[in-house]
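Colleague: Could you take me through the aromatic side chains of this model, one question at a time?

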Amino acid sequence: MARYTLLLAALFATSCSQPAPVAGTTTAQVIALFPDSPETHQLGLLDWRGGVHISNSDERFGGLSALEASTDGTRLLAVSDSAWWVRTDLLWSDAGALTGVDNLIITPLRDAAGNHLEGESADSEGVASLGDGRYVVSFEREPRIWCYNLGEDWSRADRARPNLTESPPTESPIPHNGGMEAITLIDDGSLLVGIEWPFSTDTLYDVWRQTEGRWQMSSMTAPTEHGLTGMTAIDGQVYALERYWTPAVGSRVRIVRFAQTMLDSDAVIEPELLAEFDTTLSVDNFEGITAFHRDGETILLIVSDDNYNPQQRTLLMAFAVTG
């Protein structure tokens with residue numbers, strides 16, 4: 001009996017440490033940047049490096065709001081706005097184009113008691129790597145930042161429990177559905193947090209930098225009716241994703257950048273526009289952005305949040321920065 005019990009325990013431990021892939025079948029349909037002219041690869045200062053439309057019948061899949069990638073661009077870690085970790089391998093062609101995903105795994109973001117987050121507390125919107133397998137997640141509807149130790153191979157994602165991290169000390173309450181969507185670690189080790197909608201002024205985003213336990217706010221120009229939904233940092237630059245949507249116009253997206261040294265000044269940050277998406281492109285509700293080096297290029301990877309809406313898509317796109 002003791003041997004049988006030990007065998008069951010060993011099998012249970014193995015199953016817990018190796019989460020199964022999602023229940024549904026994952027498909028990744030290759031898309032063109034310009035559906036009506038697929039041979040066009042240039043968009044502003046970005047060069048197309050492939051994209052896919054990802055779908056899966058598993059009800060947990062979707063709502064991808066933020067993402068990180070391994071340093072070599074072979075693995076993807078994302079969070080959904082229903083508190084799920086989504087992990088997958090990225091497939092690249094010999095020509096350096098993103099062509100698909102493989103081995104998709106979905107596991108819950110947990111609270112300190114080990115329970116899957118639900119309701120408004122589950123609105124996870126940003127993720128950033130702190131190194132050594134540690135990741136911070138920013139939440140919107142109940143504003144806070146939690147830190148999870150996932151392990152460098154992300155193998156602890158299914159059981160990781162959070163530690164609370166200090167949030168920016170805003171003078172006014174962060175907007176209920178317009179809060180900390182953007183978060184990244186810049187090159188000097190500072191944490192950078194962006195608030196989605198302007199609320200200190202009507203035309204400027206609040207961008208908060210935490211250095212040695214102290215928060216300092218900078219202001220960045222905000223285009224009319226655009227929300228700041230993602231940030232990533234690499235090579236002394238911050239790349240930001242700005243999203244616009246109305247029923248009449250549809251989705252529009254801007255990718256901008258600014259030098260990290262601009263955060264040291266009191267001047268308003270005026271970012272450089274790299275590219276702008278409109279409805280002539282493959283576009284959806286892009287919210288997540290990350291950056292890495294691949295084949296000597298700086299690659300930006302962006303993902304769209306389909307809001308668990310069958311009329312929207314989960315799009316994953318790769319671009320090389322050319323200017």
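Colleague: Is W92 buried or exposed?

Modeller: This is a predicted model, and the answer rests on its computed coordinates. A residue counts as buried when its relative accessible area is under 20%. The relative accessible area of W92 is 15%, so W92 is buried.

Colleague: How many aromatic pairs are there, and which residue forms an aromatic pair with W92?

Modeller: With ring centres required to lie within 6.5 Å, the count comes to six aromatic pairs. One of them has its centres 6.2 Å apart and an angle of 80° between the planes, which makes it edge-to-face, and the partner of W92 in it is F292.

Colleague: How many residues apart are W92 and F292?

Modeller: W92 belongs to strand β6 (residues 84-92), whereas F292 belongs to strand β20 (residues 286-294). The pair therefore links distant parts of the chain, and the separation is 200 residues.

Colleague: Why is the pair of F277 and F319 edge-to-face?

Modeller: Planes over 60 degrees apart count as edge-to-face. The ring centres of F277 and F319 are 5.8 Å apart, and the pair is edge-to-face because the planes stand at 85°.

Colleague: Which strands hold F277 and F319?

Modeller: These two residues are 42 residues apart, and their pair links distant parts of the chain. F277 is buried with a relative accessible area of 0%, and F319 is likewise buried at 0%. F277 lies in strand β19 (residues 272-277) and F319 in strand β22 (residues 314-321).

Colleague: Which ring does the charged end of R144 sit over?

Modeller: The charged end of R144 lies 4.2 Å from the centre of the ring in question, and that ring belongs to W146.

Technical notes:
Residues numbered from 1 in each chain as written. Predicted model: local features only at pLDDT ≥ 70, side-chain atom pairs only at ≥ 80, totals over all residues. Heavy atoms only, no water. Phe/Tyr/Trp six-rings, centres within 6.5 Å; stacked < 30°, edge-to-face > 60°. Helix = DSSP H or I, 4+ residues; strand = E, 2+ residues; numbered from the N terminus. Buried < 20%, exposed > 50% of the residue type's maximum accessible area, 1.4 Å probe, protein only. Lys NZ or Arg CZ within 6 Å of the ring centre and 35° of its normal.
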